[in-house]
Amino acid sequence: MTDIKKQLLSVADSCVKCGICAPHCPTYTHTQNENESPRGRIALIQAWAGGNLPISENLLSHIDSCLLCRACEKACPAVVPYGKLIDDFRAEIHDDISTKNSVKIVKSIAENKGVQNFVKSSLRFYQKNNLQETARFLRLPKLFGLTELERLVPNFQEHETLKNYYDAKNEAKGDVGLFVGCMGELFDFETVNSAIKVLTHIGFNVYLPENQTCCGALALHDGDKKGASKLEKQNELAFSAENLQAIVTIASGCGVTLREYSAKNFTTKVLDISHFLSQTDFDFSILKPFSGNVRLHSPCSLKNGLKTDKSVLKLLQQIPEINISALPETTQCCGAAGSYSLRHDEMAKTLLNELLTTTLEKPTDYLVSSNIGCALHIAAGLRERGENVEVIHPIVVLARSLI
Ligand code: SF4
Ligand code: SF4
């Protein structure tokens with residue numbers, strides 16, 4: 001037996017098969033199939049690593065259908081490191097899985113600045129000339145297997161080029177690095193801009209190292225450990241140049257991946273922006289009221305990975321006159337889950353519809369989410385329902401409230 005099989009087996013053996021995780025699992029909830037539950041998936045890996053089950057289409061499909069939302073991990077009394085087990089297994093069988101075209105495209109955008117620039121100019125041209133409608137009319141996205149990717153694309157926001165450094169506006173309290181993520185500048189510039197605005201306003205010098213790159217989550221969860229490790233090294237190097245007191249993230253999906261890098265001097269500095277702000281002496285009296293009904297969505301990466309979802313509500317509740325309510329604790333994954341919605345559109349849409357129905361039970365003007373992947377997926381669902389709800393990051397709410 002290989003060392004990696006021994007490791008996988010030892011982790012899988014730590015599961016006592018109690019089933020406490022099952023009701024927390026979105027795929028099990030919807031299929032009632034044991035193989036689509038955390039316990040079932042662990043048993044499959046256990047059987048494979050023990051030499052009792054060969055690799056098959058069936059086995060791969062049950063592992064691939066896991067959202068990696070880690071709701072099971074949070075509920076597990078035996079503290080089975082489920083996310084790591086699945087990532088390690090996917091890495092081991094990487095050569096046996098085929099990656100969809102749309103996922104390959106997203107990965108190449110995420111990991112390559114040149115491709116990002118090309119996408120930026122193409123997107124601007126595509127949307128300015130109303131080619132989106134024409135392409136949809138001609139069913140081009142469907143023809144190229146890109147329907148799920150195309151529906152996520154928001155309107156391109158024109159913006160200035162980002163600088164590598166922004167001075168604190170008030171007396172400097174320290175230096176922080178801002179991890180922009182691979183999609184932030186391209187698809188959600190207001191969030192990036194708001195983070196810079198708020199951080200500099202409360203007295204932080206903000207560094208945006210030029211060589212920062214994708215966090216590696218897409219590669220890691222796709223079983224491409226080598227690719228993920230290359231990105232990890234690049235980010236560690238990019239943020240090592242300055243004496244930063246924190247590396248602030250504006251996408252919880254990236255945050256949880258960065259927190260799990262191997263270099264402790266890097267990981268201990270990584271904080272989600274809402275959590276970071278909740279630890280500063282932010283003067284909330286400078287904020288003006290925020291009007292409208294706000295619903296707060298807690299991404300799985302924030303709730304089950306970083307476990308700092310409560311900080312967001314506490315922070316936003318400090319804004320004068322804000323009418324905010326969090327989605328119920330029992331709300332499951334929205335179905336975005338990295339590249340999941342591109343690979344499993346049916347399950348992703350089922351989960352999204354459930355989340356939208358819960359959200360819209362109350363009047364909603366804004367849906368606030370800390371993760372760009374969830375935000376794009378949810379915004380697409382709201383557009384398709386014809387709902388006039390703006391999906392924004394918590395830091396945008398704060399920035400809009402700054403006087
Ligand atoms: S809760 Fe933990 S120990 Fe129990 S079945 Fe699930 S993964 Fe295994
Ligand atoms: S990570 Fe999420 S989808 Fe996967 S087994 Fe755990 S609860 Fe289910």
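Student: Which domains does the domain assignment give the protein chain?
Tutor: This is a predicted model: local features need pLDDT of at least 70, side-chain atom pairs count only at pLDDT 80 or more, and totals for chains, interfaces and linings use all residues. Residues are numbered from 1 along each chain as its sequence is written, while chains are lettered from A and ligands numbered from 1 in the order in which they are written. Bounds come from an automatic or database domain assignment. The assignment gives domain 1 (3–96), domain 2 (101–150), domain 3 (165–278) and domain 4 (286–401).

Student: How many residues of domain 1 are in contact with domain 3?
Tutor: The C-alpha centres of domain 1 and domain 3 lie 30 Å apart. Contact means C-beta atoms, placed from the backbone, within 7 Å. Five residues of domain 3 take part, and from domain 1, six.

Student: Why are α3 and α4 called oblique to each other?
Tutor: Helices are DSSP runs (H or I, at least four residues), numbered from the N terminus. Axes are lines fitted to C-alpha atoms over the stretch in contact, and angles run from 0 to 180 degrees between N-to-C directions. Under 35 degrees is roughly parallel, over 145 roughly antiparallel, 65 to 115 roughly perpendicular, and the rest oblique. Helix α3 (residues 38–49) and helix α4 (residues 57–64) pack at about 140°, so they are oblique.

Student: Which element gives the largest share of the shell around ligand 1?
Tutor: A residue is near if its C-beta atom, placed from the backbone, lies within 6 Å. Of the 15 residues around ligand 1, Cys15, Cys18, Cys21, Cys76 and Ala78 come nearest. The largest share is three residues, from α3.

Note on methods. Contact = placed C-beta atoms within 7 Å. Helix = DSSP H or I, 4+ residues; strand = E, 2+ residues; numbered from the N terminus.
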